[in-house]
Amino acid sequence: MRLTNLLPALALATTTSAWGFYGHKTVALLASRYLLPETSVFVQTYLYRGQTIMDAAVWADRYAHIPLGRYSKTWHYIDAQDDPPSVCEIKYNRDCAVSGSGCIVSALVNMTARIQDDALPWAQRAQALRFILHFLGDIHQPLHTEHKQLGGNRIKVLFHGQEANLHSVWDSRIIEAARGKPTERGIIGLTNELQDRIESGEYKDEKDDWKSCLNTTTAEECALVWAGGANKYICSYVLKDEVDGQELGGDYADGAVPIIEKSIAMAGYRLAGWLNMLVAGRDGLDEAENGGYYGWEVVDGRKEGVDEEDREINREIEENERKRAGGRKFEGVQVQH
Ligand SMILES: *[C@@H]1O[C@H](CO)[C@@H](O)[C@H](O)[C@H]1NC(C)=O
Ligand SMILES: *[C@@H]1O[C@H](CO)[C@@H](O)[C@H](O)[C@H]1NC(C)=O
């Protein structure tokens, strides 16, 4: 039942991308398994026809790389100025201000307000939804919560003999080495596994903790709880031992896979709870599980015709990606931090 057809347009990404396509698309697909029916309708209303919830979840990275969207780049992370591996902690006032133009916590607060603002035009609320779909993913990537060496972008490592930086290893290299390229089949497979672990497997007993903060009226507090959890992994694993110049493709990657998979599961579960809270005023997670709304599989949009501002944005995105791909078909966003 769960393996019904996915939509035609699930792009097959074949290069690295931020909390890559694997992470973000799995987060979105997993979330769609836990949406209340009214939440699904809401999401459909704020997506374009043919745009799946998974496509929408990767939009923010593509947007951050065009001139029009550059202002949103700092919204993808919070730069904890802590001292790993001995001290890991996020202090909102100290850390969010580092970049000067907002961080993932303030962006989530902002977008959570904007998506509920009836006075905003459709396109602005739709954009707020796309940001939320993306940021719930990024805030669970440990290196999106760390200042050191630009979130690991400046830490050079080896991955199966190839030069890489630590950030990209966590965004996509480890998960792709473990699971293959983020194909449609791969993303459905991982989503199914994570859902099973949530409902009857190793995450079953801890998932109540995952939903301890899902009140959208306290968005800042909740975003800080999530970011704080991801940041803890910096000390307990990511930078626990010296990684500079090390080969991370072996034991290090083996130990990272369970952390990454659990982070993706938490992100998807919380994303669903967050959207349900926004639309229905309750997280709906138990109902969805017990009621089995799996028929909703892949949520895609209803909106016909492209809004003018989005047409301009899409044009820039396509041009940018064509340039980056050097004339080849676009294969993924090369986004760091
Ligand atoms: C919220 O987002 C809007 C739209 O992107 C932006 O114009 C505004 O400055 C943001 N406000 C805050 C407080 O970050
Ligand atoms: C969310 O928090 C507000 C303010 O603390 C509270 O009034 C409200 O009842 C909470 N909502 C839910 C669904 O728990």
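This is a predicted model: local features need pLDDT of at least 70, side-chain atom pairs count only at pLDDT 80 or more; totals for chains, interfaces and linings use all residues.
**Helix 7 and helix 11**

I started with helix 7 (residues 166-179) and helix 11 (residues 251-280), whose axes come within 10 Å and cross at roughly 100°. Angles of 65 to 115 degrees count as roughly perpendicular, so I noted helix 7 and helix 11 as roughly perpendicular to each other.

Helix 7 brings I174, I175, A177 and A178, and helix 11 answers with A253, A256, V257 and I260. Sorted by class, the contact of helix 7 with helix 11 has eight nonpolar residues, with no polar and no charged ones.

**Helix 5 and helix 10**

Then I turned to another helix pair. Helix 5 (residues 104-115) packs against helix 10 (residues 219-238) at an angle of about 140°, and their axes are 9 Å apart. I had to check the cut-off here: roughly antiparallel needs an angle over 145 degrees, so helix 5 and helix 10 go down as oblique to each other. I recorded their crossing as right-handed.

From helix 5, the contact takes in I104, V105, L108, V109 and T112. From helix 10, I listed A219, E220, A223, L224 and A227. By class, I have eight nonpolar residues, one polar and one charged in the contact of helix 5 with helix 10.

**The hairpin**

I moved on to the strands. Strand 1 (residues 156-159) and strand 2 (residues 162-165) pair in the antiparallel sense, over four bridges. Which residue of strand 2 does V157 stand opposite? I found A164 there. The hairpin has two residues between its strands, and H160 takes a positive phi near 50°.

I placed Q149 in the loop between helix 6 (122-138) and strand 1.

Is the peptide bond from P84 to P85 cis or trans? I read this bond as cis, with omega near 5°. P85 is found in the loop between helix 3 (53-64) and helix 4 (92-95).

**Ligand 2**

Last, I looked around ligand 2. I found N215, T217, T218 and G281 surrounding this ligand.

Definitions and conventions:
Residues are numbered from 1 along each chain as its sequence is written. Chains are lettered from A and ligands numbered from 1 in the order in which they are written. A residue is near a molecule or strand if its C-beta atom, placed from the backbone, lies within 6 Å of it. Two strands pair if DSSP finds at least two bridges between them. Axes are lines fitted to C-alpha atoms, for helices over the stretch in contact, and angles run from 0 to 180 degrees between N-to-C directions. Angles under 35 degrees count as roughly parallel, over 145 as roughly antiparallel, 65 to 115 as roughly perpendicular and the rest as oblique. A crossing is left-handed if the near helix is turned anticlockwise from the far one by less than a right angle, and right-handed if clockwise. Two residues are in contact if their C-beta atoms, placed from the backbone, lie within 7 Å. Ala, Val, Leu, Ile, Met, Phe, Trp, Tyr, Cys and Pro count as nonpolar, Asp, Glu, Lys and Arg as charged, and the others, Gly among them, as polar.
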